[in-house]
Amino acid sequence: MLKDTQITTFVDELAAEASTPGGGSAAALSAALGVSSILMAIKFSRNAKKNSDVQEKINRSISQLETYKDEFVALIDEDIKAFEPLSDAFKLPKSTDEEKAKRHNAIQKGTIRAIEPQVTLKENAEKAIALAQELLPHIKKNIISDLAVGVQMLRSAYLGNITDLYINVRGIDDAETKAKYLDLIDDKQSDTLERVDSLYNQINQDLRDKI
């Protein structure tokens, strides 16, 4: 599985002239790395004196973030698997009207399948970013930059994934289904980006003020 390959192998395969792995897998990896960086920051901070009264909350947050990390890692391969039906559909013959209709239906079904891991990534990234904001007061100052790195990697994954959603939703013919996914894309997007940018700017300003 791609998630078990070396980093250099993944990077080379991503750079190759092949349809997979693509942006979806790259976004999933970015999200996994982002959550991992946040996890490192909170794990190093949980036993700090200021956190003595919130150990249960912190441990619960760590458990949640570990779950998101594992799900993002799984999405690296799931994105490829979900794209296969759509890729196969585009290869179907289209010489006759019957073949065209069969191919069209297969493309529509394949498009919906390709969207599934992207929806999962979006929803989990939103939750992970919200959790990172909650954890900010509990992070040690000397490791706060790692939280900022993690949040920015989640932001990159989040926005890249939204673009992937747009390109797939564009291919849906049914107006009601298309509208449903457009609503899903819009849902929580502004709040999430505002949250992550506020968090990142606050960290940087705090660090700059101490220089």
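**The whole chain**

Begin with the protein chain in cartoon view: its secondary structure comes to seven helices and zero strands. The model is a predicted one. Read along the sequence, the pattern is α-α-α-α-α-α-α. The C-alpha trace spans about 70 × 40 × 35 Å along its principal axes. Of the 211 residues in the chain, 39% are buried. Switch to a surface view next: the chain exposes about 11800 Å², and carbon and sulfur atoms supply 51% of that area.

**Ser45 in helix α2**

Select residues 23–45, which form helix α2, and then Ser45 within that helix. Is Ser45 buried or exposed? Its relative accessible area is 0%, and because buried means under 20%, Ser45 counts as buried.

Show the side chain of Ser45. One of its polar atoms lies 2.7 Å from the backbone oxygen of Ala41. The side chain of Ser45 also reaches the backbone nitrogen of Lys140, at 2.9 Å. Leaving aside neighbours within four places in sequence, Ser45 is in contact with Asn51, His138, Ile139, Lys140 and Ile143.

**Helix α6**

Select residues 175–186, the twelve residues of helix α6. At 1.5 Å a residue this helix should span 16 Å, and its end C-alpha atoms are 16 Å apart, so the two values agree. Next, select Lys180 and Tyr181: the charged end of Lys180 sits over the ring of Tyr181, 4.7 Å from the ring centre. Finally, move to Lys188, which follows α6 and has a positive phi, near 70°.

Note on methods. Residues are numbered from 1 along each chain as its sequence is written. This is a predicted model: local features need pLDDT of at least 70, side-chain atom pairs count only at pLDDT 80 or more; totals for chains, interfaces and linings use all residues. Side-chain values use heavy atoms; hydrogens and water are left out. Helices (H or I, at least four residues) and strands (E, at least two) are DSSP runs, numbered from the N terminus. The expected span of a helix is 1.5 Å times one less than its number of residues. Buried means under 20% relative accessible area, exposed over 50%, partly exposed in between (1.4 Å probe, protein chains only). A polar contact is a pair of N or O atoms within 3.5 Å; within protein, one must be able to donate a hydrogen and the other to accept it, and residues adjacent in sequence count only if both atoms are side-chain atoms. Contact means heavy atoms within 4.5 Å. A charge sits over a ring if NZ of Lys or CZ of Arg is within 6 Å of the ring centre and within 35 degrees of the ring normal. Accessible areas come from the Shrake-Rupley method with a 1.4 Å probe; for residues, only the protein chains shown count as cover.
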